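Student: I am new to this structure and would like a close look at a single part. Could you take one chain and walk me through it?

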There are 2 protein chains.
Amino acid sequence: MQVFMIGSGPFDEAYFKQYVEDVMDNKHGEAVYVGIDLGAKRFVEMDETMVFALGDFDSVSETDYQHIVDNANDVIRLNPMKDETDMQAGLNWVIDHYPNAEYHLLGALGGRVDHSLCNLWMIFMPEYQRVLEHIHLIHPKNWVNFLSPGQFQVNKVSEMTYLSFILMTPVQELTLTDVVYPLDRATYRYPMALISNEFLANHTQMSGSFKTGLIAVIQSRD
Amino acid sequence: MQVFMIGSGPFDEAYFKQYVEDVMDNKHGEAVYVGIDLGAKRFVEMDETMVFALGDFDSVSETDYQHIVDNANDVIRLNPMKDETDMQAGLNWVIDHYPNAEYHLLGALGGRVDHSLCNLWMIFMPEYQRVLEHIHLIHPKNWVNFLSPGQFQVNKVSEMTYLSFILMTPVQELTLTDVVYPLDRATYRYPMALISNEFLANHTQMSGSFKTGLIAVIQSRD
């Protein structure tokens, strides 16, 4: 199961459609769409049906809201004053209903820095630890995946140039192989942003491992 | 002493000029300009003299590089392969030369997410702990300040709407007063992004305190 969620952040319709097509060409199973707040309006504009829409819908008109209701199997309208963000509330619903899916979040990066950080900070939340490696934040110039301790592989996204490892906590024994700047069991006593690494020429995969900590991997381009 | 540094990230010349004017209207002492890589070219384009320019200057032409040399009292050209970023190398130079200044960094947020995070991650680096509260990351829609444990005040930036506290580490006993969502000695066992708080109506300052941890304060607008 592939779950594609669109949030309220910067969004590129053509990029989204290409992304969904690429994922579905390579994966098994069904694709479902989830609209978060302004993201739900974006599915309506693309004439796509959502399994679920959630938000306070403060920024859409009553007519738009009716279109969202017509295009979604399920809608939850939240109180604008709440502790968790719409994206988190939506992801909680999605994880409950599709516990073994891949979760692709678009419209979650770019724009307000605090919003982007809030979405990245999901890496710290206890309720997402089990599914951490199945959450992907996708933006035309920035792809983010999360890593828990242990062995990992990263597949190159064809149009991206740089490969950055953002240590979100202290990290023990980080090894990176098949990259331009490899590491062998490096230990960092405080969070470090190891940016602008690259895959080796003609390599489409790299691998690594670490013993403790949490890491966000970002593939990006200028 | 006010040090204005421009980096290679998204940059708005009109916004920069207004920002410098506003800071200098409110502060004592001299203003100096520091250009980091592509940021040095931006000072040349504004016909401003830099005390210092630093970068690998990979992305500027030889002619542009000559103009940078002509417009800067001091220039360091770095090897493109290096461990620290240009912005960090530049900030190190600036802190050595102007140890008691305020450091205003523009062109440090927006664009590549890994670059923005790298600049935010300065909050963790031991060499910046002494000057942490004098570093400001400035972007037309996102202003970031860093807080160390103890009492703090935040002054409202007039055109911004939201006030977010990004807990970069676990935080003990966080108190926030004179805000829409106050807190009284709240403790967080893992980093949390407390976003979309606001100053109280007719208040231009809020205050707070915390006992342990590190916090980035972001004032932003849509």
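Student: Take chain A: what percentage of its 222 residues is made up of buried residues?

Tutor: Buried residues make up 55% of the 222 residues in chain A. Buried means under 20% relative accessible area, exposed over 50%, and partly exposed in between, with a 1.4 Å probe and protein chains only. This is a predicted model, in which local features need pLDDT of at least 70, side-chain atom pairs count only at pLDDT 80 or more, and totals for chains, interfaces and linings use all residues. Residues are numbered from 1 along each chain as its sequence is written, chains are lettered from A and ligands numbered from 1 in the order in which they are written, and side-chain values use heavy atoms, leaving out hydrogens and water.

Now the build. Chain A has five helices and 14 strands. These are DSSP runs: helices are H or I with at least four residues, strands are E with at least two, numbered from the N terminus. The C-alpha trace of chain A spans about 55 × 35 × 30 Å along its principal axes.

Next, contacts, meaning heavy atoms within 4.5 Å. Take those in chain A between residues at least 6 apart in sequence: 63% join residues at least 24 apart.

Last, the partner. In chain A, 31 residues are in contact with 31 residues of chain B. About 2,700 Å² is buried between the two chains, and carbon and sulfur atoms give 72% of that area. Arg112(A), Val113(A) and Trp121(A) supply 24% of the area that chain A buries against chain B, more than any other three residues. Buried area is the accessible area (1.4 Å probe) that two parts lose on being put together, summed over both.
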